[in-house]
Amino acid sequence: LIGVCIVLAYILLTDVFHVLSDFLFPSLKDVFMQVPEYIGQLFQGLKSSLYLLITAYVLAVVTAIALGTVIGLKSGLRKNVTPYINAFSAIPVPLLTPYAINLFPTFRAASIFLIWLAAFWVILGTTIGAVMSIDKRYLENAATLEMPKMEKLFRVVLPAASPSILVGCSIALTLSFMMLAVAEMFGADSGMAYFVQYYSDFARFDLVMLGFLFTAIVLVLIMYVFDKIKARILHWTINN
């Protein structure tokens with residue numbers, strides 16, 4: 001119903017009452033008429049974007065959770081590295097775009113680095129906080145049972161910290177998608193954000209709107225799949 005209301009409001013503001021500019025906000029009918037001609041180009045861009053997004057995001061999840069778990073468990077290490085984490089994570093990742101483009105051999109490698117960095121800091125911070133806040137009784141019980149370190153890590157520490165870690169992963173996924181859009185606007189020759197940028201340069205706002213809608217649908221589907229995976233992992237919590 002919310003979606004239907006949004007569509008109806010857009011139609012009323014454009015086609016019926018002409019409140020919004022016809023140039024910047026084309027009719028949905030004009031937008032959808034472009035689908036048959038440009039759907040192949042959109043899916044080609046989707047393929048390119050997903051390669052960058054999945055590669056960078058998986059690397060960020062693995063590296064940030066591994067490093068964050070170690071830092072969270074070691075109080076001495078945590079006290080020493082936290083100031084540096086706070087300092088470097090405060091630098092807006094888009095500002096590093098010129099450096100990444102010039103330092104990495106290919107645009108694709110630079111894009112993966114930027115997306116990885118955007119997700120890495122968020123997941124690292126939430127992982128450290130999650131591991132730090134584990135109830136001591138869990139660790140004491142594991143010690144009483146004389147659990148080996150690796151078993152304690154995978155059966156006590158990570159499960160106890162997983163709700164907070166997955167919240168960070170969810171935020172990082174959204175940030176990764178935003179950083180993907182920024183990265184594709186600098187030197188890319190394909191991608192969902194490139195599609196929008198390319199046709200906005202020619203003032204084809206019907207295609208720009210088509211790119212917006214396609215990107216929004218893709219993001220909703222990705223977040224839906226992520227939420228299903230998260231619910232499966234957290235099946236033992238009260239909200240599932």
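In this predicted model, the largest nonpolar core has 55 residues, of which Y57, I115, I123 and L124 touch the most other members. A nonpolar core is a set of buried Ala, Val, Leu, Ile, Met, Phe, Trp, Tyr and Cys residues joined through side-chain atoms within 4.5 Å; buried means under 20% relative accessible area, with a 1.4 Å probe and protein chains only. At least two residues of this core come from each of α2, α3, α6, α8, α9 and α10, and α6 gives the most, with 15 residues. Helices are DSSP runs (H or I, at least four residues) numbered from the N terminus.

Beyond its neighbours within four places in sequence, I123 is in contact with Y57, A60, V61, A64, I65, G168, C169 and A172, where contact means heavy atoms within 4.5 Å.

Helix α6 (residues 107-132) packs with α3 at an angle of about 35°, the axes lying 6 Å apart. Axes are lines fitted to C-alpha atoms over the stretch in contact, and angles run from 0 to 180 degrees between N-to-C directions.

Helix α10 (residues 205-233) comprises 29 residues and reaches 42 Å from its first C-alpha to its last, close to the 42 Å expected at 1.5 Å a residue; the expected span is 1.5 Å times one less than the number of residues. Its buried residues, among them F205, L210, F214 and F226, pack against α1 (2-16), α2 (28-32), α3 (35-73), α8 (149-184) and α9 (192-201).

Residues are numbered from 1 along each chain as its sequence is written, and side-chain values use heavy atoms, leaving out hydrogens and water. Local features need pLDDT of at least 70 and side-chain atom pairs count only at pLDDT 80 or more, whereas totals for chains, interfaces and linings use all residues.

Terms used
Buried < 20%, exposed > 50% of the residue type's maximum accessible area, 1.4 Å probe, protein only.
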